[in-house]
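My notes are below, in the order I took them.

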Amino acid sequence: MTKTELMRSVNAAIDKRASEIIGLGETIRRHPELGFKEFKTARLVEDSMRGMGLSPKGGLAITGVRADAAGRGGDGPTFALLGELDGLIVPGHPFADPETGAAHACGHNAQVAGLLGAAMGLLDAKAFDHLAGRVAFIAVPAEEYGDVAWRVAQRNEGKLEFLGGKPEMLRLGHLDDVDMAMMIHATPRTEEGKLAVPISNNGCTVKTVRYIGKAAHAGGMPHRGINALYAANIALSAINAIRETFRDEDTIRVHPIITRGGSQVNVIPADVRLEMYVRGKSIQAIADADRKVDRALRAGALALGAKVEIETLPGYMPMHCDATLVERFRAVAGGLVGADNVGTIAHRTGSTDMGDLAQVMPIIHPYVGGASGTSHGADFEITDPNLIYITNAKALASMVVDLLADGGSVGREVLSRSKPPMTREGYLEFQRGMSRKELYEG
Ligand SMILES: [Zn+2]
Ligand SMILES: [Zn+2]
């Protein structure tokens with residue numbers, strides 16, 4: 001059987017299961033969960049995998065699930081297909097969980113449906129009879145780096161070390177045998193095409209900041225207090241003032257939020273908390289902006305005579321897609337939706353922990369259309385289920401065939417051409433080195 005014939009038969013098998021795959025994606029969309037708490041979604045994934053005859057292992061980095069299928073065509077690379085399990089808190093989203101506020105406003109539900117759909121197609125078409133190596137189907141927790149205070153508490157209890165899903169999967173060794181990886185992310189930007197080839201993404205550090213002031217009667221004795229909220233205000237102004245020192249080519253993004261602004265209105269705020277990311281295109285650019293942001297944070301404390309506790313957490317690494325995988329994906333995508341409908345996305349200023357995987361193995365992180373509205377917005381919705389779920393599944397499965405058919409020759413070529421920047425140990429050491437905590441007394 002030629003590669004094209006095998007792809008065609010896998011895609012036909014996916015079409016036969018289309019309503020089931022769309023149903024899975026919609027079920028997940030209507031039951032969103034936050035990162036490291038995706039227990040129901042993980043159960044759905046495990047049940048679905050078991051239904052296909054796979055033997056999933058759950059509970060990886062709390063909620064991750066992995067099932068492997070070995071090719072019967074001899075040795076070859078292990079190729080991981082990934083789907084992210086989590087939603088995020090977006091006020092006003094129509095399908096938000098009323099208790100947690102979680103919503104699928106980034107389309108991760110489509111990733112999981114695509115992952116399961118790809119597995120169904122490959123298994124139903126008995127593709128593994130013709131493939132070398134191995135495919136690891138992995139549902140990963142917690143790509144959205146939010147809910148930070150809760151995650152820090154989990155870390156302090158020893159339940160997590162890193163606060164994102166893929167870094168935790170790497171740390172725990174769940175990806176030790178994976179040679180290369182891919183996932184497909186949804187995009188609501190229709191101008192990017194039906195399938196889009198990516199280049200790179202920003203990386204980031206994450207900060208939790210606490211201004212410590214002194215409580216006092218806000219009307220009667222404000223002179224006895226130290227206003228931590230005003231200290232934070234000055235820090236935010238200082239951060240805004242240093243924005244003009246950021247170089248366009250470094251694509252820096254700093255976006256703080258206040259998670260606690262005071263205790264009650266007639267008390268001078270004595271405990272004010274912020275969270276923020278410092279994002280940038282390169283490790284060096286992030287480090288430079290991070291240093292300036294720390295300086296701005298100290299300035300707020302200095303002005304008011306407050307204290308500030310700054311905790312810097314390892315965020316996500318900048319992401320670069322593997323050139324050979326990009327080339328192969330462009331051809332596969334063209335075969336599915338027509339070359340005119342395949343877009344190219346230049347550098348993206350968001351961050352993803354696929355960047356962390358990219359440090360240690362060749363990866364690709366393409367996009368699929370079929371959504372509209374705003375990423376991370378209340379108006380994010382799915383408008384073309386066939387594209388976002390089914391074409392997605394076909395693109396993943398076709399990449400498996402492309403890389404692992406013919407004795408895995410293309411997969412081997414990807415590996416021989418790629419030169420990941422870090423070893424796995426080196427990556428863990430680097431990220432651990434990013435952690436620091438400072439108390440500055442102004
Ligand atoms: Zn997102
Ligand atoms: Zn996302």
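What follows is my notebook on the zinc sites and then the helix pairs.

**Ground rules.** I am working with a predicted model, where local features need pLDDT of at least 70, side-chain atom pairs count only at pLDDT 80 or more, and totals for chains, interfaces and linings use all residues. Residues are numbered from 1 along each chain as its sequence is written, chains are lettered from A and ligands numbered from 1 in the order in which they are written, and side-chain values use heavy atoms, with hydrogens and water left out.

**Zinc, ligand 1.** I looked up what coordinates the zinc ion (ligand 1) and found Cys106 (SG), Glu144 (OE), Glu144 (OE) and His376 (NE2), at 2.0 to 2.8 Å. Donors here are N, O and S atoms within 2.8 Å of the metal (3.2 Å for Na, K and Ca), and water is not among the atoms, so sites may look incomplete. The angles among the 4 donor atoms run from 52 to 151 degrees, and the site is irregular. For that label I noted the cut-offs: four donors are tetrahedral if all angles lie between 85 and 135 degrees, four are square planar and six octahedral if opposite donors are over 155 degrees apart and all others between 65 and 115, and anything else is irregular. Along the sequence, the donor residues are spaced C-x37-E-x231-H. Cys106 sits in the loop between β5 (102-103) and α4, and Glu144 in the loop between β6 (134-140) and α5 (148-156), so this pair ties together parts that are 38 residues apart in sequence. Helices (H or I, at least four residues) and strands (E, at least two) are DSSP runs, numbered from the N terminus.

**Zinc, ligand 2.** Which residues hold the zinc ion (ligand 2)? I get Cys106 (SG), His108 (NE2) and His185 (NE2), at 2.1 to 2.3 Å. Their spacing along the chain is C-x1-H-x76-H. Cys106 bridges this ion and the zinc ion (ligand 1), with 3.0 Å between the two. His108 is in helix α4 and His185 in strand β8 (residues 185-186), so that pair links parts 77 residues apart in sequence.

**α1 on α4.** Next I checked helix α1 (residues 3-16) against helix α4 (residues 108-124): their axes come within 8 Å and cross at roughly 120 degrees. That makes α1 oblique to α4. The cut-offs are under 35 degrees for roughly parallel, over 145 for roughly antiparallel, 65 to 115 for roughly perpendicular, and oblique for the rest. Axes are lines fitted to C-alpha atoms, for helices over the stretch in contact, and angles run from 0 to 180 degrees between N-to-C directions. From α1, Val10, Ala13 and Ile14 meet Gly117, Ala118, Gly121, Leu122 and Asp124 of α4, contact meaning heavy atoms within 4.5 Å.

**α1 on α11.** I then paired α1 with helix α11 (residues 385-404), whose axes come within 9 Å and cross at roughly 150 degrees. The two are therefore roughly antiparallel to each other. Among the α1 residues that meet α11 are Leu6, Val10 and Ile14, and the α11 side includes Ile390, Ala397 and Val401.

**α7 on α8.** Last, helix α7 (residues 228-242) and helix α8 (residues 283-304) have axes that come within 7 Å and cross at roughly 145 degrees.
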